[in-house]
Amino acid sequence: MQPNGITFIISAPSGTGKTSVCKTLKQKLPKLKFSVSHTTREPRNNETNGIDYHFISKNNFEEKIKHDKFIEWAKVYQHYYGTAFESIDSHKKNGDDVLIELDVQGASSLRKLNYKAVFIFILPPSLKELEIRLRNRNTESESVIRDRLESSKNEVQQCKSYDYILTNINIEETSENIISVIKAEHLRKELYQPTSLDLKSLTDQMENH
Ligand code: 5GP
């Protein structure tokens with residue numbers, strides 16, 4: 001029988017360390033598939049097209065919206081971000097676990113669609129620490145940093161709509177906690193698949209013992 005893949009959604013305020021956590025997860029869980037989002041923002045120095053994002057023009061993005069190519073999309077910090085059906089469909093068909101990084105609007109859209117997924121929110125240890133991390137990244141201008149810090153106040157208010165809330169004190173611990181969530185979700189009774197004996201023959205054996 002095809003194993004049941006689970007979709008995991010991860011959201012966090014910008015600068016929380018979500019991308020670093022996801023990079024660590026990629027190394028620790030080579031079988032976990034990552035959805036590559038589309039965006040109209042400019043690539044950062046360390047980013048590669050097709051790996052970190054599909055970087056496309058505003059026109060191209062709007063065409064894709066028009067043709068219903070996205071399962072969800074949102075405007076985040078003046079740029080479009082979206083998850084294309086084609087970025088997740090093949091993984092889901094193969095029964096793989098898929099991880100999607102989304103902002104709070106994207107996660108909320110999927111919830112409204114009753115999209116079956118496990119929603120994980122990563123919190124920064126404090127607003128001060130978030131600011132330090134954003135500045136240390138050295139990738140954004142002052143106004144962008146201010147914008148992102150301001151948005152984070154609204155974003156953290158929404159963490160209660162998620163299934164799991166983690167605080168990213170260090171990347172190693174946070175990625176291990178996410179791995180624990182992934183393992184626990186696979187042990188849910190809804191996904192139970194007997195490996196050697198089915199449940200009925202096991203209970204029959206026990207009753208006849
Ligand atoms: P960044 O520009 O820092 O890479 O991402 C900005 C925000 O956009 C982050 O909160 C990130 O999770 C979110 N984001 C990335 N991909 C998507 C997506 O496909 N859809 C939505 N709604 N948000 C996304």
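**A helix, a strand and a ligand**

The buried residues of helix α1 pack against β1 (7–11), β2 (33–34), β7 (98–101), β8 (118–123) and α7 (171–186). Keep in mind that this is a predicted model.

Reader: Which residues of α1 are buried, and on how wide an arc do they sit?

Author: Helix α1 spans residues 18–28, and its buried residues are K18, V21, C22, T24 and L25. An α-helix has 3.6 residues a turn, so residues three or four places apart point the same way.

Reader: Okay, over to β1. Is β1 enclosed or open, and how many of its residues are buried?

Author: In a regular strand the side chains alternate between the two faces of the sheet. In β1, T7, I9 and S11 point one way while F8 and I10 point the other way, and all are buried. So β1 is largely enclosed by the rest of the structure, with the buried count at 5 of the 5 residues.

Reader: What stands opposite I10 in β7 and in β8?

Author: β1 pairs with β7 in the parallel sense over 4 bridges, and another 4 bridges join β1 to β8, also running parallel. Across from I10 you'll find E101 in β7 and, in β8, I120.

Reader: And the ligand: how much of its accessible area does the protein cover?

Author: There are 17 residues around the ligand, and K18, S37, R41, Y53 and Y81 come nearest. A ligand oxygen is 2.5 Å from a side-chain N or O atom of K18, and for R41 that distance is 2.6 Å. Of the 510 Å² of accessible area that the ligand has on its own, the protein covers 95%.

Terms used
Residues are numbered from 1 along each chain as its sequence is written. This is a predicted model: local features need pLDDT of at least 70, side-chain atom pairs count only at pLDDT 80 or more; totals for chains, interfaces and linings use all residues. Side-chain values use heavy atoms; hydrogens and water are left out. Buried means under 20% relative accessible area, exposed over 50%, partly exposed in between (1.4 Å probe, protein chains only). Helices (H or I, at least four residues) and strands (E, at least two) are DSSP runs, numbered from the N terminus. Contact means heavy atoms within 4.5 Å. A residue is near a molecule or strand if one of its heavy atoms lies within 4 Å of it. A polar contact is a pair of N or O atoms within 3.5 Å; within protein, one must be able to donate a hydrogen and the other to accept it, and residues adjacent in sequence count only if both atoms are side-chain atoms. Accessible areas come from the Shrake-Rupley method with a 1.4 Å probe; for residues, only the protein chains shown count as cover. Two strands pair if DSSP finds at least two bridges between them.
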